[in-house]
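Reader: I'm new to reading protein models. Could you walk me through a few features, one at a time?

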Amino acid sequence: MIVRRREFVRVLSLFVGLVTVAGLLTACGDDGPPTIDYVVDARISTYNANTVGGNADGVLMATTRLLPGFSLLGPAGQVIPDRDVGTVTQVPGRVPTLRYEFRPEATFSDGVALDCDDLLLAWAAMSGRLPGFTPATTAGYRDIESVDCAAGDKSATVTFAPGREYRNWLSLFGAGTMMPAHVVARVAGLANVIDPIRAMDRAAVGRIADAWNSGFDLAFGPVDHAHYPASGPYRIDRYSRSGGLVLVPNDKWWGDEPETSRIVIWGRGTDATRRLPDGRFDVVDVTAGLVDGDIAGSAGTAGPASPVRALGVEELVLAGRGVFGDVRMRRAFASCVPRADLARDFGGGAQIWNLRVLSPADNLAGQMNTEFGQAYQRPDIERARGLVRAATGQGAGEDATTGEPTASGVAPRTVRVGYLAPTPRWQQMTAAIAASCRGAGLVVEDVSSPDLRPDALGRDADVLIVAGGASFAAAGAAEPSRDAYALRGGDPLNLSGIREPMVSRGVDQLATTVSAPDRLRLARSIENATWSTMPSVPLFAAPRVRQWKDRVGNVVAGMGRDGTGWNMDRWTIRG
């Protein structure tokens, strides 16, 4: 019976692929297959959620059930083992060791087996040990000393460096992390990726890195299915601005069949924002204020109130160079940001959040939140002016260029604030910051763009608005170890580029510390240092709108960076 059902789904998918009538891409009132329209605020620019750009764009919101791993983030951002792919077990011994076993039937949609090649490539790309790769972070993978297996093996032994057992080890090689190594090898012109990586063949590793970094970029237009094979219950069928990212069942999937035969993901750059006011969606998971006015319709009977808070914390990340190269200028900016007003007007009811390491959902966070940031709750324009004067060497009331008196007492300094546009709420936040900081001699300029990238910080922007974890979309997880690397010197997640050795050591220790009292001590130490160096200004738990219609079942709002689509293969549709 299972075989016949899968054959039916496969034939149905092929039939749908031949149909070009635009009406078949909508969910309601057509003769096409049952379809769920899922609107997200991710910019689906790549198949690889692990690069700096893929992470910032929130691509994991789309790829969690396309490229599963040994675990995934559940609805509360918790790590859940995914035994459809395989199992991971701890090996007893003096040195922390993990044993990964792929299920024998685990296969990509092109028929190539999932195996050690895919796992070792993920480690090589994200460990920070090999040149050329541009991962979003090295958290956890940097602590792995070795990955032992041969090309094509269905198992691998992962050994951590002595004393470096990553406390969140179950999240490693999770959903979205294992890209198809056979595609990377093909693009790089190699027989496999393991042999060149083992041999440290720099030329070959460079080609592998290039293929991993940019070889999975996604653009609107025809999709080469051989280049984007899926290892999950869904695969990509097509991608267009007017039709969204169309997912259909993967007929090579060995687990439970997905409940719905078609899901269309509408991300930034597609028809997403025009759908929200009209209610032309079934499920939505976007940052609050993505569009002007209300999102049409209301949540289903099981839907949460909107907006609701996420695990990620919205913050202003400050560049460690340019106008903010001097720490006094960073403190001056933090002194004029109206944090209390921003939380009240744009935080969806969230309290001011003062921590950079612990999320509002962390059990240790509540008792710490009021210990920090009290001097920066409300604007202190006089302090901000004084800090600007001290940083620029100006006398009170004197323009550095003309020598003429100025209204604020300091010569104006331009601060460029960037965010992914269009986002009306962030536009209004930027305007509120500009109004407050004007009196301190800081002229805030809105440099938002639909094409904004993280590397704009320090080049085209002095400040980035992010939702935590260096992401513009859904962010965060219940376990804070990964996102803490945004403060570690040298890690790609550290967009500001500010290096504070004591903070970096604290982050490294936090990642391997299990004891709650020791974690609390480390978190306090990190917060003390970062409120002094000011690499960022935390604001509030990111407010998000998560809704779904009554016609869709089994939807469970997702609090983490994978969003509500964490279980999209279980979604059902009526009518």
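Reader: Where is D237 placed, and is D237 buried or exposed?

Author: D237 sits in strand 8, residues 234-240; strands (E, at least two residues) and helices (H or I, at least four) are DSSP runs numbered from the N terminus. This is a predicted model, where local features need pLDDT of at least 70, side-chain atom pairs count only at pLDDT 80 or more, and totals for chains, interfaces and linings use all residues. Residues are numbered from 1 along each chain as its sequence is written, and side-chain values use heavy atoms, leaving out hydrogens and water. Buried means under 20% relative accessible area, exposed over 50%, and partly exposed in between (1.4 Å probe, protein chains only). D237 has 10% relative accessibility, so D237 counts as buried.

Reader: How does M502 count by relative accessibility?

Author: M502, in helix 15 (residues 501-510), counts as partly exposed because its relative accessibility is 39%.

Reader: What is M502 in contact with, leaving aside its neighbours within four places in sequence?

Author: Contact means heavy atoms within 4.5 Å. With those neighbours set aside, M502 touches S525 and A529. Between the C-alpha atoms of M502 and G489 there are 9.8 Å in space, and the two residues are 13 apart in sequence.

Reader: Which residues make the contact between helix 4 and helix 5?

Author: The axes of helix 4 (residues 116-126) and helix 5 (residues 181-188) come within 8 Å and cross at roughly 70 degrees. Axes are lines fitted to C-alpha atoms, for helices over the stretch in contact, with angles from 0 to 180 degrees between N-to-C directions. Helix 4 contributes D117, D118 and L121, and helix 5 contributes A181, H182 and V184.
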